[in-house]
Amino acid sequence: ELDKWDQIARYMNQYLSEEYKHLPNNKFFDGKHCLDCYQACFKPLSVGNSLVYGELKEIVEFTKRRVE
């Protein structure tokens, strides 16, 4: 559901602009752009036992629950 990803993209854009003011304005264009990033960068980490970083596992699991 891209509507949910639009909400996540808005949240992430706000978070990134507040927390990383020194970085260029790398923001998500829309929910599809945010979903594509998630699928390319984070979803592969959550498959099977390939997840190495404990903290990242919590983030991925939390995000999956919110999106599904």
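This is a predicted model: local features need pLDDT of at least 70, side-chain atom pairs count only at pLDDT 80 or more; totals for chains, interfaces and linings use all residues.
The accessible surface of the protein chain is about 5,600 Å², and carbon and sulfur atoms hold 53% of that. Colour by burial next: of the 68 residues in the chain, 19% are buried. If you like drawing contacts, take those with a separation of 6 or more; 45% of them link residues 24 or more positions apart.

Time to zoom in on charges. Side chains of opposite charge can pair when their charged atoms come close. How many salt bridges does the structure hold? There are two, so let's visit each, going by the cut-off of 4 Å between nitrogen and oxygen.

Select Glu 1 and Lys 4 first. Their side chains meet in a salt bridge, at 3.9 Å from N to O. Is Glu 1 buried or exposed? Glu 1 is exposed, with a relative accessible area of 70%, while Lys 4 is partly exposed at 25%.

Now jump to helix H2, residues 31-41, and pick out Asp 36 and Lys 32. Here the side chains form a salt bridge with an N to O distance of 2.8 Å. Look along the helix: Asp 36 and Lys 32 sit four residues apart in H2, so about one helical turn separates them. Turn the surface back on to finish. Asp 36 is partly exposed, at 34% relative accessibility, and Lys 32 is partly exposed too, with a relative accessible area of 42%.

Definitions and conventions:
Residues are numbered from 1 along each chain as its sequence is written. Side-chain values use heavy atoms; hydrogens and water are left out. Buried means under 20% relative accessible area, exposed over 50%, partly exposed in between (1.4 Å probe, protein chains only). Helices (H or I, at least four residues) and strands (E, at least two) are DSSP runs, numbered from the N terminus. Contact means heavy atoms within 4.5 Å. Accessible areas come from the Shrake-Rupley method with a 1.4 Å probe; for residues, only the protein chains shown count as cover.
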